[in-house]
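Reader: I would like to learn how to read a protein model. Could you take me through one, feature by feature?

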Amino acid sequence: MRLAAPLVPYIAVATGLLLMKSAWIAMIGYHAGMCLVITLERRWHLARNLFKGLERRLLALSTLVCAVSGLGLYLLWSWIDSGSRLNTVLAGFGLAGWSWLLFIVYFCLVNPWLEELFWRGYLGQASLLPIPADFWFAGYHLLVFAGLVAPYWAI
């Protein structure tokens with residue numbers, strides 16, 4: 001299972017974004033896949049390590065910052081996207097209006113925790129040097145950016 005686990009985001013993003021043209025299917029598939037692997041491997045106890053060394057006030061502050069950044073992105077989006085085709089592309093993936101706002105909030109509050117648990121907790125190793133999981137993690141983002149930016153920017 002551990003060897004196949006890094007394929008979870010590739011399968012989710014390829015299915016959701018590239019085949020189904022849905023950011024929601026990609027994100028939910030990615031999160032469901034990570035949760036399935038962690039459940040089958042019985043590694044949920046690693047979640048406790050996410051909070052080790054964190055002061056509760058710092059945790060509350062970081063959660064608030066993530067939530068506000070998502071709301072800020074939504075509120076400033078028309079200014080950020082002025083004149084580009086990105087708004088049209090995102091709408092084609094089901095991200096427009098309230099769906100876009102809900103996606104941003106979900107992404108900012110849920111994704112960081114699951115990714116930390118999966119990539120650093122489950123697949124991580126104590127190393128100061130890059131490990132294979134780091135390259136797998138970086139690589140799936142190329143699929144996310146496919147069609148949004150020029151290939152050299154994605155890399």
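Predicted model: local features only at pLDDT ≥ 70, side-chain atom pairs only at ≥ 80, totals over all residues.

Reader: What are aromatic pairs, and what does the count come to?

Author: Rings of Phe, Tyr and Trp (its six-membered ring) pair if their centres lie within 6.5 Å; planes under 30 degrees apart count as stacked, over 60 as edge-to-face and the rest as tilted. By this rule there are 11 aromatic pairs. Take Phe 118 and Trp 119: their ring centres are 5.2 Å apart and their planes stand at 90°, so the pair is edge-to-face. Trp 119 and Phe 137 also form a pair, with centres 5.4 Å apart and planes at 65°, so this one is edge-to-face. That pair links distant parts of the chain, since Trp 119 is in helix H5 and Phe 137 in helix H6, 18 residues apart.

Reader: Is Trp 119 buried or exposed?

Author: Buried means under 20% relative accessible area, exposed over 50%, and partly exposed in between (1.4 Å probe, protein chains only). With a relative accessible area of 5%, Trp 119 is buried, whereas Phe 137, at 29%, counts as partly exposed. Across the 155 residues of the protein, 30% count as buried.

Reader: And how do I read a pocket?

Author: Rolling a probe the size of a water molecule over the atoms shows where empty space is left. On a 1 Å grid over the protein atoms alone, a pocket is an open set of points where a 1.4 Å probe fits, with protein on both sides within 12 Å along at least five of seven lines; lining residues have an atom within 4 Å of a point. A volume is the space filled by probe spheres set on the points, which are joined across faces, edges and corners. The largest pocket holds about 650 Å³ of space. It has 27 lining residues, and the closest to its centre are Leu 17, Phe 103, Phe 107, Val 144 and Leu 148.

Reader: Which element gives the largest share of that lining?

Author: Helix H5 does, with seven residues.

Notes. Residues numbered from 1 in each chain as written. Heavy atoms only, no water. Helix = DSSP H or I, 4+ residues; strand = E, 2+ residues; numbered from the N terminus.
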